[in-house]
Amino acid sequence: MSHPVVRAEGHVWLTARLLEQRRFAHHFLAPDPHGVEAALLGYLRPDGGFGFALEPDLRGPGPQPLHAAFALRVLDEIGRCDEARTAALLRHFEAISAPDGALPAVHPSLRGYPSASVLPLKDDPPGALLSTGPVVGLLLRNGIQHPWVERAAEFCWAAVEALDTTHPYEVEAAVDFLDGVPDRDRALSVALRLGDMTRERRMYVTEPERAEEFPVARGYAPGEHHFPYDVARSPDSLAGQWFTGREMKDCLDFLAARQEEDGGWPILWRAWAPGTRLEWRPIVTLAALLTLRAYGRL
């Protein structure tokens, strides 16, 4: 059997958006951050936000915080998440933030366009950790200083420290925030409490061969389990200490084995439209490869 990257390459060239083709080529063929950034700029709006279904489950041209989080992840992975490239985006954040200083989970600009969102659309939505945590974590990790970042970080600290009723996607947003903040002692303390809670509630499948015995969060699709590598995408994540070495090894073995015949990895959540499933699979495939590489598995 050929190497996982070779198998995935065929899947990417056959099905991926230009952005994922450029990202794959940058990471696994020849570094080309300019090419990745050029593809990403196709999703940039005049107001400094990102739209046009950059995050495939939110369609339409409108600016969505989850699109912005996606864009920042791409800039971070190519080493271009800097003050010059984020200045307009930060002005956009100031314009769309809720009174609590945070980004809404879904911006009202989604109204009238197709989406998989189960969240009710509101004209004045509150701030949400789900969207704000990843954004602030990435900005802080890259040393971006701005009044909006300071206010949003205060919101995230309060939200993460108060987390009780939650679900894996929100936990992962919390970890994205904690992995980027400069106060490492405080982040470690909060992460340990969060890890204890996720273990107690069995939110992450630690025994892949017995996945059906682990609960699926309310509102998720049947079988939409989350695994240690979903929350600890690299060994330096604070969430990595939530799991034993054996648990992580077994789950990474499971991740590697999930590569499908066409070279791509599957999605576990509801594929509500054929086009979104087609767009998501290369994204998930690239994420799987980057995770496996981060753990020395490629």
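This is a predicted model: local features need pLDDT of at least 70, side-chain atom pairs count only at pLDDT 80 or more; totals for chains, interfaces and linings use all residues.
Helices here are DSSP runs of H or I with at least four residues, and strands are runs of E with at least two, numbered from the N terminus. With that set, I counted twelve helices and zero strands in the protein.

Residues are numbered from 1 along each chain as its sequence is written, and side-chain values use heavy atoms, with hydrogens and water left out.

Overall shape next. I got a radius of gyration (over C-alpha atoms) of 18 Å. The C-alpha box along the principal axes is roughly 50 × 40 × 35 Å.

Then I checked burial (under 20% relative accessible area, 1.4 Å probe, protein chains only): 54% of the 298 residues qualify.

Which residues touch the most other members of the largest nonpolar core? I listed Leu-19, Phe-93, Leu-139, Trp-148, Phe-177, Leu-178 and Trp-242, out of 83 residues. A core here means buried Ala, Val, Leu, Ile, Met, Phe, Trp, Tyr and Cys joined through side-chain atoms within 4.5 Å. Helix H7 (residues 147-161) gives the most to this core, with nine residues. I also found a second, separate core of five residues, including Leu-58 and Ala-128.

I zoomed in on Phe-93: skipping neighbours within four places in sequence, it is in contact (heavy atoms within 4.5 Å) with Ala-68, Leu-103, Val-135, Leu-139 and Trp-148.

Conventions: Buried means under 20% relative accessible area, exposed over 50%, partly exposed in between (1.4 Å probe, protein chains only). The radius of gyration is taken over C-alpha atoms; the globule rule is 2.2 Å times the number of residues to the power 0.38.
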